[in-house]
Amino acid sequence: MHEEVLLDVERYRVALAAIVHLNDIDPGDAATFEGRKKEGKAELPRLTHRLRELQALLYAENKHKLLIVIQAIDTGGKDGTIRHVFTGVNPQGVEVVSFKSPTAQELSHDYPWRIHQHTPATGQIVIFNRSHYEEVRPTR
């Protein structure tokens, strides 16, 4: 398809200390891909190969890190997306984190502590299976 699919990443980059409003992000965003599911499946092997190359560069440079947050309702395809998209990457450089009920240790700290334990180190990719913000409720 189009190489732009991989190059149009600036709009997803979050600057250090920037405030992100999840309501401002379109959940239907498909980047620059304009094809249908069939075309997407056909494109997946090439994109997986390119992702593997980019992961190797990320690891070798050891300057940047990547946090991916996948949010959907139950049975919304989060696990399948992770499995299909990240099948070809080096598992040593990727961690998938799912935020379940907090453990006793997590409850003994402030809320962000449990999230910070899983943020990516330089050269690494971390995928949050569901947003860690899902459980944040406003106090009254």
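Trainee: Where is the place of valine 20?
Mentor: Valine 20 lies in the loop between helix 1 (4–7) and helix 2 (37–61); helices (H or I, at least four residues) are DSSP runs, numbered from the N terminus. The model is a predicted one, in which local features need pLDDT of at least 70, side-chain atom pairs count only at pLDDT 80 or more, and totals for chains, interfaces and linings use all residues. Residues are numbered from 1 along each chain as its sequence is written, and side-chain values use heavy atoms, with hydrogens and water left out.

Trainee: Why does valine 20 count as partly exposed?
Mentor: Because its relative accessibility is 42%; buried means under 20% relative accessible area, exposed over 50%, and partly exposed in between (1.4 Å probe, protein chains only).

Trainee: Let us turn to arginine 114. Is it buried or exposed?
Mentor: Arginine 114 counts as buried, because its relative accessibility is 5%. Arginine 114 is placed in helix 5 (residues 111–116).

Trainee: Which residues does arginine 114 touch?
Mentor: Leaving aside residues up to four places away in sequence, arginine 114 touches Phe99, Lys100, Ser101, Pro102 and Glu106, where contact means heavy atoms within 4.5 Å.

Trainee: And the chain overall: how many helices and strands are there?
Mentor: The chain has 5 helices and 3 strands, a strand being a DSSP run of E with at least two residues. Along the sequence, the pattern is α-α-β-α-β-α-α-β.

Trainee: What percentage of the residues count as buried?
Mentor: Of the chain's 140 residues, 22% count as buried.
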